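Hi everyone, thanks for making the time. I have one structure to walk you through, so please bring it up on your screens and follow along.

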Amino acid sequence: MAQPVKVGIISIGEMGVGIAKLLAAHGYVVLTNITGRSDYTHRRAATAPITLLDSDTELVAQADYILSIVPPRDAIVTAKRITSVKHGERATPLCYIDLNAISPGRAREIAQEFETNAPQVIFVDGGIVGGPPKPLESSGDNSGEPGAGWKRPAIPLAGPPLPNVHLAQTLNSKYLGPNIGAASGLKCCFASLLKGLIALSIQSFSTAEALGVYDELQGFLKHFQPALQETTTRMVTEIPPKAGRWIDEMLEIGRCFGEEGGWDNVTGTEGANIYQRVAELYRTVAEDTVLGQERQEHRVRGNTASDIALAVEESLNPNYKK
Ligand SMILES: NC(=O)c1ccc[n+]([C@@H]2O[C@H](COP(=O)([O-])OP(=O)(O)OC[C@H]3O[C@@H](n4cnc5c(N)ncnc54)[C@H](OP(=O)(O)O)[C@@H]3O)[C@@H](O)[C@H]2O)c1
(Lines give C-alpha, C1' and ligand atoms only; values in the text may rest on other atoms or scores of the structure.)
Protein backbone atom coordinates (compact mmCIF):
# COMPACT_ATOMS: atom_id res chain seq x y z
CA MET A 1 0.00 0.00 0.00
CA ALA A 2 1.30 3.50 -0.86
CA GLN A 3 2.62 5.51 2.07
CA PRO A 4 0.60 8.68 2.83
CA VAL A 5 2.21 11.87 1.54
CA LYS A 6 3.62 13.96 4.40
CA VAL A 7 3.26 17.73 4.28
CA GLY A 8 5.08 20.00 6.73
CA ILE A 9 3.51 23.37 7.44
CA ILE A 10 5.41 26.29 9.02
CA SER A 11 3.60 27.83 10.87
CA ILE A 12 0.18 27.00 12.28
CA GLY A 13 -1.42 30.45 12.08
CA GLU A 14 -4.96 31.21 10.93
CA MET A 15 -4.11 30.14 7.36
CA GLY A 16 -1.73 27.32 8.29
CA VAL A 17 -4.32 25.56 10.45
CA GLY A 18 -6.97 25.85 7.70
CA ILE A 19 -4.64 24.30 5.13
CA ALA A 20 -3.67 21.61 7.65
CA LYS A 21 -7.33 20.66 8.15
CA LEU A 22 -7.95 20.59 4.39
CA LEU A 23 -4.94 18.34 3.76
CA ALA A 24 -5.66 16.02 6.68
CA ALA A 25 -9.23 15.58 5.41
CA HIS A 26 -7.75 14.45 2.08
CA GLY A 27 -5.51 11.78 3.60
CA TYR A 28 -2.26 13.73 3.93
CA VAL A 29 -0.16 13.47 7.08
CA VAL A 30 0.47 17.00 8.34
CA LEU A 31 3.63 17.76 10.31
CA THR A 32 4.98 20.89 11.92
CA ASN A 33 7.67 22.16 14.26
CA ILE A 34 6.22 24.97 16.38
CA THR A 35 8.80 24.79 19.15
CA GLY A 36 9.03 28.21 20.80
CA ARG A 37 5.88 29.62 19.18
CA SER A 38 3.13 31.28 21.24
CA ASP A 39 0.33 29.59 23.18
CA TYR A 40 -2.08 30.80 20.50
CA THR A 41 -0.22 28.75 17.89
CA HIS A 42 -0.04 25.67 20.16
CA ARG A 43 -3.77 25.89 20.92
CA ARG A 44 -4.56 26.31 17.21
CA ALA A 45 -2.42 23.30 16.30
CA ALA A 46 -4.35 21.18 18.83
CA THR A 47 -7.56 21.78 16.85
CA ALA A 48 -6.29 19.84 13.83
CA PRO A 49 -4.73 16.40 13.29
CA ILE A 50 -1.16 17.69 13.12
CA THR A 51 1.94 15.76 14.23
CA LEU A 52 4.23 18.02 16.28
CA LEU A 53 7.96 17.46 15.74
CA ASP A 54 10.73 18.83 17.93
CA SER A 55 13.21 19.97 15.30
CA ASP A 56 13.58 21.17 11.72
CA THR A 57 15.96 18.27 11.07
CA GLU A 58 13.10 15.83 11.81
CA LEU A 59 10.71 17.93 9.72
CA VAL A 60 13.06 17.88 6.72
CA ALA A 61 13.74 14.15 7.15
CA GLN A 62 10.05 13.20 7.30
CA ALA A 63 8.26 15.65 5.00
CA ASP A 64 7.72 15.20 1.26
CA TYR A 65 6.58 18.83 1.01
CA ILE A 66 7.05 21.87 3.24
CA LEU A 67 4.64 24.80 2.96
CA SER A 68 5.88 28.13 4.33
CA ILE A 69 2.88 30.09 5.68
CA VAL A 70 4.24 32.76 8.03
CA PRO A 71 3.99 36.54 8.32
CA PRO A 72 5.63 37.94 5.12
CA ARG A 73 8.42 39.49 7.25
CA ASP A 74 9.54 35.95 8.20
CA ALA A 75 9.56 34.33 4.75
CA ILE A 76 13.36 34.47 4.31
CA VAL A 77 14.17 33.39 7.86
CA THR A 78 11.81 30.42 7.47
CA ALA A 79 13.49 29.35 4.22
CA LYS A 80 16.88 29.59 5.93
CA ARG A 81 15.66 27.27 8.69
CA ILE A 82 15.24 24.62 6.01
CA THR A 83 18.40 25.32 4.00
CA SER A 84 20.54 25.31 7.14
CA VAL A 85 19.70 21.79 8.36
CA LYS A 86 21.48 18.68 7.14
CA HIS A 87 19.53 16.98 4.33
CA GLY A 88 20.08 13.22 4.33
CA GLU A 89 19.68 10.74 1.47
CA ARG A 90 16.07 10.36 0.32
CA ALA A 91 14.15 8.56 -2.41
CA THR A 92 12.40 11.67 -3.75
CA PRO A 93 13.47 15.32 -3.39
CA LEU A 94 11.89 17.55 -0.78
CA CYS A 95 9.65 20.23 -2.31
CA TYR A 96 9.46 23.61 -0.51
CA ILE A 97 6.54 25.90 -1.43
CA ASP A 98 6.64 29.51 -0.29
CA LEU A 99 3.02 30.65 0.07
CA ASN A 100 3.70 33.99 1.76
CA ALA A 101 2.55 37.41 0.63
CA ILE A 102 5.93 38.54 -0.72
CA SER A 103 7.22 40.37 -3.79
CA PRO A 104 8.59 38.54 -6.83
CA GLY A 105 12.03 39.96 -5.91
CA ARG A 106 11.82 38.36 -2.45
CA ALA A 107 10.65 35.06 -4.02
CA ARG A 108 13.72 35.13 -6.30
CA GLU A 109 15.96 35.78 -3.24
CA ILE A 110 14.48 32.68 -1.57
CA ALA A 111 14.94 30.63 -4.76
CA GLN A 112 18.59 31.76 -4.76
CA GLU A 113 18.95 30.75 -1.10
CA PHE A 114 17.86 27.18 -2.00
CA GLU A 115 20.00 27.09 -5.13
CA THR A 116 23.09 28.10 -3.12
CA ASN A 117 22.60 26.21 0.13
CA ALA A 118 20.19 23.32 -0.55
CA PRO A 119 20.14 22.69 -4.32
CA GLN A 120 18.60 19.25 -3.82
CA VAL A 121 15.32 20.89 -2.72
CA ILE A 122 12.70 21.77 -5.35
CA PHE A 123 11.62 25.39 -4.72
CA VAL A 124 8.14 26.54 -5.79
CA ASP A 125 6.88 30.13 -5.67
CA GLY A 126 3.27 30.53 -4.50
CA GLY A 127 0.65 32.81 -3.02
CA ILE A 128 -2.71 32.44 -1.30
CA VAL A 129 -5.73 34.37 -2.54
CA GLY A 130 -8.78 34.23 -0.26
CA GLY A 131 -9.41 33.16 3.33
CA PRO A 132 -8.44 29.92 5.12
CA PRO A 133 -10.08 26.66 3.89
CA LYS A 134 -13.29 25.64 5.67
CA PRO A 135 -15.60 22.64 5.27
CA LEU A 136 -18.90 23.69 3.66
CA GLU A 137 -21.99 22.91 5.74
CA SER A 138 -23.98 21.64 2.78
CA SER A 139 -22.12 21.74 -0.51
CA GLY A 140 -24.21 19.15 -2.33
CA ASP A 141 -20.92 18.19 -4.05
CA ASN A 142 -20.49 14.44 -3.70
CA SER A 143 -18.16 14.20 -6.69
CA GLY A 144 -15.24 12.93 -4.62
CA GLU A 145 -13.00 15.40 -6.49
CA PRO A 146 -10.18 16.91 -4.37
CA GLY A 147 -11.62 19.87 -2.48
CA ALA A 148 -15.26 18.74 -2.84
CA GLY A 149 -17.21 19.95 0.20
CA TRP A 150 -14.64 22.64 1.06
CA LYS A 151 -14.50 26.39 0.61
CA ARG A 152 -10.88 26.95 -0.43
CA PRO A 153 -8.64 29.87 -1.28
CA ALA A 154 -6.94 29.84 -4.70
CA ILE A 155 -3.21 29.14 -4.76
CA PRO A 156 -1.24 30.39 -7.78
CA LEU A 157 2.06 28.54 -8.19
CA ALA A 158 5.11 29.19 -10.39
CA GLY A 159 8.45 27.49 -10.98
CA PRO A 160 8.69 23.70 -11.28
CA PRO A 161 5.23 22.04 -11.47
CA LEU A 162 4.24 20.17 -8.28
CA PRO A 163 5.24 16.52 -8.64
CA ASN A 164 2.00 15.41 -6.92
CA VAL A 165 -1.03 16.31 -9.05
CA HIS A 166 -3.53 15.28 -6.34
CA LEU A 167 -1.87 17.70 -3.89
CA ALA A 168 -1.95 20.47 -6.52
CA GLN A 169 -5.70 19.86 -6.99
CA THR A 170 -6.43 19.61 -3.26
CA LEU A 171 -4.74 22.96 -2.69
CA ASN A 172 -6.85 24.48 -5.50
CA SER A 173 -3.64 25.59 -7.16
CA LYS A 174 -3.30 27.33 -10.51
CA TYR A 175 -0.01 26.77 -12.30
CA LEU A 176 1.29 29.95 -13.93
CA GLY A 177 4.47 28.63 -15.59
CA PRO A 178 8.17 28.35 -14.80
CA ASN A 179 8.98 31.97 -13.89
CA ILE A 180 9.67 32.27 -10.14
CA GLY A 181 7.91 35.41 -8.92
CA ALA A 182 4.85 35.18 -11.17
CA ALA A 183 2.71 33.67 -8.39
CA SER A 184 3.90 36.07 -5.68
CA GLY A 185 3.41 38.97 -8.10
CA LEU A 186 -0.14 37.93 -8.95
CA LYS A 187 -0.93 37.75 -5.22
CA CYS A 188 0.53 41.28 -4.74
CA CYS A 189 -1.56 42.71 -7.58
CA PHE A 190 -4.72 41.10 -6.18
CA ALA A 191 -4.13 41.96 -2.51
CA SER A 192 -3.16 45.57 -3.23
CA LEU A 193 -6.67 46.51 -4.35
CA LEU A 194 -8.67 45.51 -1.29
CA LYS A 195 -5.93 46.26 1.26
CA GLY A 196 -5.34 49.68 -0.32
CA LEU A 197 -9.08 50.38 -0.26
CA ILE A 198 -9.29 49.36 3.40
CA ALA A 199 -6.41 51.73 4.25
CA LEU A 200 -8.26 54.57 2.49
CA SER A 201 -11.45 53.63 4.35
CA ILE A 202 -9.69 53.79 7.74
CA GLN A 203 -8.39 57.29 7.00
CA SER A 204 -11.71 58.45 5.59
CA PHE A 205 -13.86 57.00 8.40
CA SER A 206 -11.64 58.19 11.27
CA THR A 207 -11.33 61.68 9.79
CA ALA A 208 -15.12 61.85 9.35
CA GLU A 209 -15.40 60.83 13.02
CA ALA A 210 -13.01 63.65 13.99
CA LEU A 211 -15.12 66.10 11.98
CA GLY A 212 -18.34 64.83 13.55
CA VAL A 213 -19.74 63.77 10.14
CA TYR A 214 -19.28 59.97 10.33
CA ASP A 215 -23.00 59.15 10.10
CA GLU A 216 -23.46 61.57 7.21
CA LEU A 217 -20.53 59.98 5.34
CA GLN A 218 -22.08 56.52 5.78
CA GLY A 219 -25.44 57.90 4.63
CA PHE A 220 -23.91 59.30 1.41
CA LEU A 221 -22.03 56.05 0.77
CA LYS A 222 -25.15 53.97 1.29
CA HIS A 223 -27.13 56.17 -1.10
CA PHE A 224 -24.54 56.75 -3.86
CA GLN A 225 -22.19 53.73 -3.52
CA PRO A 226 -24.07 50.95 -1.67
CA ALA A 227 -21.71 48.16 -2.77
CA LEU A 228 -18.67 50.18 -1.68
CA GLN A 229 -20.32 50.99 1.65
CA GLU A 230 -21.12 47.32 2.29
CA THR A 231 -17.57 46.18 1.40
CA THR A 232 -15.66 48.85 3.28
CA THR A 233 -17.70 48.78 6.50
CA ARG A 234 -17.45 44.99 6.62
CA MET A 235 -13.74 44.75 5.69
CA VAL A 236 -12.38 47.42 8.06
CA THR A 237 -13.53 45.36 11.04
CA GLU A 238 -11.16 42.53 10.03
CA ILE A 239 -8.09 44.78 10.27
CA PRO A 240 -7.24 45.03 13.98
CA PRO A 241 -5.57 41.62 14.44
CA LYS A 242 -4.04 41.72 10.95
CA ALA A 243 -2.63 45.26 10.77
CA GLY A 244 0.77 44.25 12.19
CA ARG A 245 1.19 41.44 9.66
CA TRP A 246 0.10 43.71 6.81
CA ILE A 247 2.94 46.23 7.35
CA ASP A 248 5.46 44.01 5.60
CA GLU A 249 2.90 42.77 3.10
CA MET A 250 2.35 46.39 1.97
CA LEU A 251 6.12 46.96 1.71
CA GLU A 252 6.35 43.80 -0.42
CA ILE A 253 3.52 45.05 -2.66
CA GLY A 254 5.36 48.38 -2.99
CA ARG A 255 8.54 46.50 -3.94
CA CYS A 256 6.56 44.45 -6.49
CA PHE A 257 5.04 47.53 -8.11
CA GLY A 258 8.39 49.36 -8.02
CA GLU A 259 10.56 46.60 -9.44
CA GLU A 260 8.13 44.73 -11.68
CA GLY A 261 5.73 47.51 -12.68
CA GLY A 262 8.40 50.19 -13.18
CA TRP A 263 7.00 52.54 -10.54
CA ASP A 264 10.46 52.91 -8.96
CA ASN A 265 11.50 54.76 -12.12
CA VAL A 266 9.07 57.60 -11.47
CA THR A 267 11.04 60.70 -10.54
CA GLY A 268 10.07 63.10 -7.77
CA THR A 269 11.03 63.50 -4.14
CA GLU A 270 9.09 60.47 -2.94
CA GLY A 271 8.53 58.64 -6.21
CA ALA A 272 5.13 57.03 -6.60
CA ASN A 273 5.40 54.19 -4.11
CA ILE A 274 1.97 54.50 -2.53
CA TYR A 275 2.29 51.20 -0.66
CA GLN A 276 5.16 52.39 1.54
CA ARG A 277 2.63 54.92 2.83
CA VAL A 278 -0.06 52.26 3.13
CA ALA A 279 2.42 50.21 5.21
CA GLU A 280 2.87 53.21 7.51
CA LEU A 281 -0.90 53.48 7.92
CA TYR A 282 -1.12 49.85 9.05
CA ARG A 283 1.92 50.40 11.30
CA THR A 284 0.05 53.30 12.93
CA VAL A 285 -3.05 51.15 13.48
CA ALA A 286 -0.95 48.29 14.93
CA GLU A 287 1.45 50.32 17.07
CA ASP A 288 -0.26 53.62 17.92
CA THR A 289 -3.93 52.71 18.41
CA VAL A 290 -5.80 50.47 20.83
CA LEU A 291 -6.73 48.28 17.85
CA GLY A 292 -3.19 46.88 17.79
CA GLN A 293 -3.97 44.86 20.94
CA GLU A 294 -6.68 42.81 19.23
CA ARG A 295 -6.21 39.06 18.65
CA GLN A 296 -8.21 36.97 16.21
CA GLU A 297 -9.24 34.69 19.07
CA HIS A 298 -10.21 37.53 21.41
CA ARG A 299 -11.83 40.59 19.86
CA VAL A 300 -12.79 43.58 22.03
CA ARG A 301 -12.53 46.79 19.96
CA GLY A 302 -13.21 47.50 16.30
CA ASN A 303 -16.01 45.02 15.73
CA THR A 304 -17.97 47.66 13.80
CA ALA A 305 -16.79 50.24 11.28
CA SER A 306 -17.97 53.04 13.58
CA ASP A 307 -15.87 51.67 16.46
CA ILE A 308 -12.84 51.43 14.13
CA ALA A 309 -13.31 55.13 13.34
CA LEU A 310 -13.75 55.96 17.01
CA ALA A 311 -10.77 53.90 18.19
CA VAL A 312 -8.43 55.44 15.60
CA GLU A 313 -9.71 58.94 16.36
CA GLU A 314 -9.42 58.37 20.13
CA SER A 315 -5.84 57.14 19.79
CA LEU A 316 -4.52 59.66 17.27
CA ASN A 317 -6.30 62.90 18.08
CA PRO A 318 -4.68 64.65 21.05
CA ASN A 319 -7.77 66.85 21.38
CA TYR A 320 -10.12 63.88 21.61
CA LYS A 321 -12.55 64.29 24.52
CA LYS A 322 -14.09 61.16 25.99
N1 LIG B 1 -5.22 34.69 7.14
C2 LIG B 1 -5.61 34.90 5.91
O3 LIG B 1 -6.80 35.11 5.64
C4 LIG B 1 -4.62 34.86 4.77
C5 LIG B 1 -5.09 35.03 3.45
C6 LIG B 1 -4.20 34.97 2.40
C7 LIG B 1 -2.85 34.77 2.64
N8 LIG B 1 -2.40 34.60 3.91
C9 LIG B 1 -0.95 34.46 4.11
O10 LIG B 1 -0.62 33.44 5.04
C11 LIG B 1 0.53 33.80 5.78
C12 LIG B 1 0.26 33.62 7.26
O13 LIG B 1 -0.90 34.32 7.62
P14 LIG B 1 -1.79 33.91 8.88
O15 LIG B 1 -3.09 34.59 8.73
O16 LIG B 1 -1.77 32.43 9.08
O17 LIG B 1 -0.95 34.62 10.05
P18 LIG B 1 -1.16 34.48 11.62
O19 LIG B 1 -2.51 33.94 11.96
O20 LIG B 1 -0.71 35.77 12.18
O21 LIG B 1 -0.12 33.34 12.03
C22 LIG B 1 1.25 33.47 11.81
C23 LIG B 1 1.92 32.21 12.33
O24 LIG B 1 3.32 32.31 12.04
C25 LIG B 1 4.03 32.19 13.28
N26 LIG B 1 5.25 32.97 13.19
C27 LIG B 1 5.45 34.27 13.49
N28 LIG B 1 6.74 34.61 13.28
C29 LIG B 1 7.36 33.48 12.88
C30 LIG B 1 8.70 33.16 12.54
N31 LIG B 1 9.68 34.06 12.55
N32 LIG B 1 8.98 31.89 12.18
C33 LIG B 1 8.02 30.94 12.15
N34 LIG B 1 6.73 31.18 12.46
C35 LIG B 1 6.42 32.43 12.81
C36 LIG B 1 3.08 32.68 14.32
O37 LIG B 1 3.49 32.19 15.59
P38 LIG B 1 3.22 33.01 16.97
O39 LIG B 1 1.86 32.60 17.41
O40 LIG B 1 4.31 32.54 17.87
O41 LIG B 1 3.32 34.47 16.62
C42 LIG B 1 1.78 32.06 13.84
O43 LIG B 1 1.74 30.68 14.13
C44 LIG B 1 0.90 35.25 5.41
O45 LIG B 1 2.00 35.28 4.51
C46 LIG B 1 -0.37 35.73 4.75
O47 LIG B 1 -0.14 36.71 3.78
C48 LIG B 1 -3.25 34.66 5.00
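Helix 1 gives the largest share of the shell around the ligand, three residues. Keep in mind as we go that this is a predicted model. The shell as a whole holds 25 residues, and the ones that come nearest to the ligand are Ser11, Gly13, Met15, Ser38 and Ala101. If you look for elements that contribute two or more residues, you will find helix 1 (14-25), helix 2 (39-45), helix 4 (75-83) and helix 10 (243-259). And what is the make-up of the shell by class? There are 12 nonpolar residues, eight polar and five charged.

Let's zoom out to the domains. The protein chain is divided into domain 1, residues 6-180, and domain 2, residues 190-315. Taken over C-alpha atoms, the centres of domain 1 and domain 2 are 29 Å apart. How many residues of each domain are in contact with the other? On the domain 1 side there are 12, and they meet 13 residues of domain 2. Helix 5, residues 104-117, gives the most to that side of domain 1, with three residues. By class, the domain 1 side that touches domain 2 has seven nonpolar, two polar and three charged residues.

Which strands does strand 4 pair with? One of them is strand 1, residues 6-10, which pairs with strand 4 in the parallel sense over four bridges. In that pairing, isoleucine 10 sits opposite serine 68. Another is strand 5, residues 95-98, which runs parallel to strand 4 and is joined to it by four bridges. Within this pair, leucine 67 has isoleucine 97 of strand 5 as its bridge partner. To get from strand 4 to strand 5 the chain passes through helix 4, and this β-α-β crossover is right-handed.

Moving on to strand 5 itself: are its residues buried or exposed? Both faces are covered, with Cys95 and Ile97 buried on one side and Tyr96 and Asp98 buried on the other. Cysteine 95 is the bridge partner of tyrosine 65. Strand 5 also pairs with strand 6, residues 122-126, in the parallel sense and over four bridges. There, tyrosine 96 stands opposite phenylalanine 123 of strand 6. The chain crosses from strand 5 through helix 5 to strand 6, and this β-α-β crossover is right-handed. Helix 5 is the element we saw giving three residues to the side of domain 1 that touches domain 2.

One last stop, at a single residue. Where is alanine 272? Look in the loop between helix 10 and helix 11 (274-288). Why does alanine 272 count as partly exposed? Because 16 other C-beta atoms lie within 10 Å, while buried would take 20 or more and exposed 12 or fewer. Leaving aside residues up to four places away in sequence, alanine 272 touches Trp263 and Val266. Phenylalanine 257 is 15 residues away along the chain, and its C-alpha atom is separated from that of alanine 272 by 9.6 Å.

That's my tour, and I'm happy to take questions.

Key:
Residues are numbered from 1 along each chain as its sequence is written. This is a predicted model: local features need pLDDT of at least 70, side-chain atom pairs count only at pLDDT 80 or more; totals for chains, interfaces and linings use all residues. A residue is near a molecule or strand if its C-beta atom, placed from the backbone, lies within 6 Å of it. Ala, Val, Leu, Ile, Met, Phe, Trp, Tyr, Cys and Pro count as nonpolar, Asp, Glu, Lys and Arg as charged, and the others, Gly among them, as polar. Domain bounds come from an automatic or database domain assignment. Two residues are in contact if their C-beta atoms, placed from the backbone, lie within 7 Å. Two strands pair if DSSP finds at least two bridges between them. A crossover is right-handed if, with the strands pointing away from the viewer, the path from the first strand over the helix to the second runs clockwise.
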